[in-house]
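Trainee: I have a structure open and would like to learn how to read it. Where do we begin?

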Amino acid sequence: MSNVSKTDNRELRQNAAPREAATRDPAIVPPVDVFEQDDAVTIRADMPGVNPASLGVEVSDHTLTIEGDITLSMPEGVTARYADIRGSRYQRQFTLGEEIDTEAIEGSIRHGVLTVRLPKRDMHRKRRIDIQAA
Amino acid sequence: MLQDLWRFNDPLFGDLGRLLRLIDSDWGNGARADLRSAPRGSFPLLNVGETEDTVNVYVFAPGIEQSDLDVSVQDNVLMISGKRDEVADEDKERSWYRRERFHGEFQRAVTLPEGVDPEQVNASLKDGVLTVSLRKRAETQPRRIEIQAA
């Protein structure tokens, strides 16, 4: 019996594969901290279960997309008893202004926390203006 | 009357609001909860799964060092506590736009199904997910019964 249902599942998955992008399960929106320093804006996002291989950081058309798949090693035959996390991936998007140097964006993930550093172009950095005593 | 401040005559928002509040209150049970339970969505988020011989608790605790996590089992309650500190950074001035991430100390208790052996617990931390695997006592595991040919 279990053999039969496994085969059925595989067939379903194969049929669904071409439409996968459209029908993936809904993404979790990760909580973020965003702060700005003199030379860069930094985003920190909680994405537990994501490793460097399953992480995606992309910029296109002034939009920064961060996404990642949750990879957990689970024993076979697990049934859910309680679930806060109801999804298998994270995604969040940000709109970037002209001042961000999109070529120089760097990201890293450690212990499930993603850090993306968005350096500002030189010409857009804050300049302190000295006030002269009259 | 003070109630007039939250009673709306608008039929749509009146009913919708009542329904949303009912859902928020866990269908009317909100006033009664397990003593140690945390509101849904508290940090750290967790999922609990079960197999025939183990109970597995997945604690989504990103950005926490192993030394800052404490896991203990007492009777059938699993306690997870720890703290997450702001990463100390170069002393450049920061202006904050969003602070949605949790900071500080936390504690969560999970009531486990009966029959978990507190002596046989494994915990591991990887990519910000703490996995606690608890073995069920042999007597509570399903047992296969051989059928004898008559």
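Mentor: Begin with the word contact, which here means heavy atoms within 4.5 Å. Keep in mind that this is a predicted model.

Trainee: How many residues of chain A are in contact with chain B?

Mentor: On the chain A side there are 39 residues, and they touch 38 residues of chain B.

Trainee: How is the size of such an interface expressed?

Mentor: It is often given as the accessible area lost when the parts come together. Between chain A and chain B the buried area is about 3300 Å², and carbon and sulfur atoms give 49% of it.

Trainee: How many salt bridges are there between chain A and chain B?

Mentor: The count is seven. One salt bridge joins the side chains of R81(A) and E50(B), at 2.7 Å from N to O. Polar contacts are counted by residue pairs, and the rule finds 22 of these across the interface of chain A and chain B.

Trainee: Which elements of chain A give two or more residues to the side that touches chain B?

Mentor: They are the strands β1 (32-36), β2 (40-46), β5 (79-83) and β6 (89-95) of chain A. Sorted by class, that side of chain A has 19 nonpolar, 11 charged and nine polar residues.

Trainee: What does it mean for strands to pair?

Mentor: Strands of a sheet pair through backbone hydrogen bonds, either parallel or antiparallel. In this model, pairing crosses from one chain to the other: β5(A) and strand β1 (residues 45-50) of chain B are antiparallel, with four bridges. Within that stretch, G49(B) is the bridge partner of A80(A).

Trainee: What is the strand order in the open sheet of chain B?

Mentor: The order is β3-β4-β6, three strands with antiparallel pairing. Its edge strands are β3 (69-74) and β6 (104-111) of chain B, each of which pairs on one side only. On average, neighbouring strands of this sheet are turned by 15° against each other, direction ignored. β3(B) and strand β4 (residues 77-84) of chain B are joined by six bridges, and D70(B) stands opposite S81(B) of β4(B).

Note on methods
Residues are numbered from 1 along each chain as its sequence is written. Chains are lettered from A and ligands numbered from 1 in the order in which they are written. This is a predicted model: local features need pLDDT of at least 70, side-chain atom pairs count only at pLDDT 80 or more; totals for chains, interfaces and linings use all residues. Side-chain values use heavy atoms; hydrogens and water are left out. Buried area is the accessible area (1.4 Å probe) that two parts lose on being put together, summed over both. A salt bridge is a side-chain nitrogen of Lys or Arg within 4 Å of a carboxyl oxygen of Asp or Glu. A polar contact is a pair of N or O atoms within 3.5 Å; within protein, one must be able to donate a hydrogen and the other to accept it, and residues adjacent in sequence count only if both atoms are side-chain atoms. Ala, Val, Leu, Ile, Met, Phe, Trp, Tyr, Cys and Pro count as nonpolar, Asp, Glu, Lys and Arg as charged, and the others, Gly among them, as polar. Two strands pair if DSSP finds at least two bridges between them. Axes are lines fitted to C-alpha atoms, for helices over the stretch in contact, and angles run from 0 to 180 degrees between N-to-C directions.
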